[in-house]
Amino acid sequence: MKNNIDRILSRSVSKLIGGEGFRKKLETSPEKVVIKYGVDPTKPDLHLGHAVCLRKLREFQNLGCKIVFLIGDFTAMLGDPSGKDKTRPMIKGEEIGRNVDSYLKQIPKILVTKESEIKDKKIGGFEIVFNFDWYESIHDMVVSDFLEKTKSFITKRSQLIKRRNEIIGGVKIMDGQKVELKTVTMVNLFRTLSKITHGDLFARKTFRNRVNSQQEIFMHELLYPVLQGIDSLIIGQIFGSCDLEIGGTDQLVNMKIGQKIQRTSLPPQKEQAVMAIEILEGTDGKEKMSKSLNNYIGITSDSDSPADVFGKTMRIPDELVPRWVELCTDLDEVEFTNRLETENPRDLKIELARELVKIYHGKAAADQAEEEFTRLFAADSKNGRPDEIPEIQIEEGSWGIIELLNSAKLVTSKSDARRLIEGGGVRVNDQKVEKIDANFEVGKSELILQIG
């Protein structure tokens, strides 16, 4: 038990703040531990980057802890300023509704959500809550253009609550009937704000950078970390405690503000421990995994097929293999680090790719994806080509290889193309492309492009 807890509290964890009391409760009464994880539904699909935190939640759930999955349907309208050098555009309520529906379908890929399954597996409970429930009461003073953005979402909330109840197996607490919902009043909001300082907010590097570069910061952005902290307070009031909040390292300031809000509330609430999880780099090996950067791998077949998951994984930089092993799987990252010094990185990536497909699509899909990849790319012969190759038509003339790859949508960016070429991962008509400025004539004959 002790070794398992040590592993859970360290693997993929960047920082654990206030963990001593939390650990004691975890060891003695895990069934009483309440863990919060919040996500704003600003995009429709979950990917491997989200899954790093979700897999950590599943580890705690296996210990017997209650997982409270908070969907920030209200805060999504404001936009989390974390890591952004400019103001996020406000998202419309209709889009939020679609994204929430998508999240509700995908959460069970990793977490056990149905009450009947939780009892069978003898693991911790699971709840889904929406922070719109406790912020809606102050809409009477919201300006009309913002209120307009919420109307389409309000009409869809009953459908989303029904969907949530289907996922977790029956009517749960946040349907507005089983418990008296906590709400945030203007009086208490301003009392909370009186406890938050300029220094608390500007501990966020993003805010400091924007001030130094004379970029504007709007008040709703400054308020966002406070609202996230209030979410922890409300969850503590509903469930009896909020013992731990999990988030990426970019959420560290927000989560620490949550600690202060709990500590200074009336009556004071025992403050949560804060666990900052390492952020997964995307397939480009540079930026945070993100749909907007097109460097992501989805966890459902609607987003990425098993073949897509396998192929995209094979494109990550060699040096990232141990890190992806640590953050995305249960495999031994130390073993992979050592093997990377003596073995072909391609073989290690095949093992990683196979494991990822197995986790989200099953062993049979992993077998098929590996077989298909091997058939296409394992040999240098022309027999390695698939029976059907997608075709594109582009303007005749002389084309640089980078522009060709972009036009064929085989790369996410020009830098991605350069990295693949320099790594020997691009072929034209079965010949490896050696130079990033290589040119090819389009129109005289067919060209077959291969990457990987």
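# Cavity, strands and aromatic pairs

Q: Which residues line the largest cavity?
A: The lining of the largest cavity consists of R11, S12, V52, R55, K56, E59, E326, L327, T329 and D330. This comes from a predicted model.

Q: What makes R11, S12, V52 and the others lining residues?
A: A lining residue needs an atom within 4 Å of a cavity point. The listed residues, R11 through D330, line the largest cavity, so each of them meets that cut-off.

Q: How many cavities of 30 Å³ or more does a search of the whole structure find?
A: One cavity of 30 Å³ or more turns up. The volume of the largest cavity is about 80 Å³.

Q: Which elements give two or more residues to the lining?
A: These are α3 (48–63) and α15 (321–328). Helix α3 supplies the largest share, four residues.

Q: How do the lining residues divide into nonpolar, polar and charged?
A: Two are nonpolar, two are polar and six are charged. Asp, Glu, Lys and Arg count as charged.

Q: How do you know that strand β6 is mostly covered?
A: A residue is buried when its relative accessible area is under 20%. In β6 (residues 273–277), five of five residues are buried. One side holds A273, M275 and I277, the other V274 and A276, and all are buried. Both faces of β6 are therefore covered.

Q: Why do β1 and β6 count as paired strands?
A: Pairing takes at least two bridges. Strand β1 (residues 13–17) has four bridges to β6, so the two pair. They run antiparallel. V13 has I277 as its bridge partner in β6.

Q: In which direction do β5 and β6 run, parallel or antiparallel?
A: Strand β5 (residues 244–248) runs parallel to β6, with five bridges between them. G247 stands opposite A276 of β6.

Q: What unit do β5, helix α13 and β6 make?
A: They make a right-handed β-α-β unit, with α13 spanning residues 252–264. The label right-handed needs a clockwise path over the helix, seen with the strands pointing away from the viewer.

Q: What makes β9 and β11 edge strands?
A: The open sheet has three strands in the order β9-β8-β11, with antiparallel pairing. Strands β9 (431–432) and β11 (449–451) each pair on one side only. Three bridges join β8 (residues 426–428) to β11. In β11, Q450 is the bridge partner of R427.

Q: How many aromatic pairs does the structure hold?
A: It holds six aromatic pairs.

Q: Why is the F22 and F60 pair called edge-to-face?
A: Centres within 6.5 Å make a pair, and planes over 60 degrees apart count as edge-to-face, so both tests are passed. F22 sits in helix α2 (residues 19–28) and F60 in helix α3, 38 residues apart. F22 and F60 are buried.

Q: What makes the F310 and F373 pair tilted?
A: The planes are 40 degrees apart, and the centres 5.3 Å. Stacked needs under 30 degrees and edge-to-face over 60, so the pair is tilted. F310 belongs to helix α14 (residues 306–313) and F373 to helix α18 (residues 363–377), so the pair ties together parts 63 residues apart in sequence.

How values were computed. Residues numbered from 1 in each chain as written. Predicted model: local features only at pLDDT ≥ 70, side-chain atom pairs only at ≥ 80, totals over all residues. Heavy atoms only, no water. 1 Å grid on protein atoms, 1.4 Å probe; cavity = no way out; pocket = protein on both sides within 12 Å on 5 of 7 lines; lining within 4 Å. Points joined across faces, edges and corners; volume = space filled by probe spheres on them. Buried < 20%, exposed > 50% of the residue type's maximum accessible area, 1.4 Å probe, protein only.
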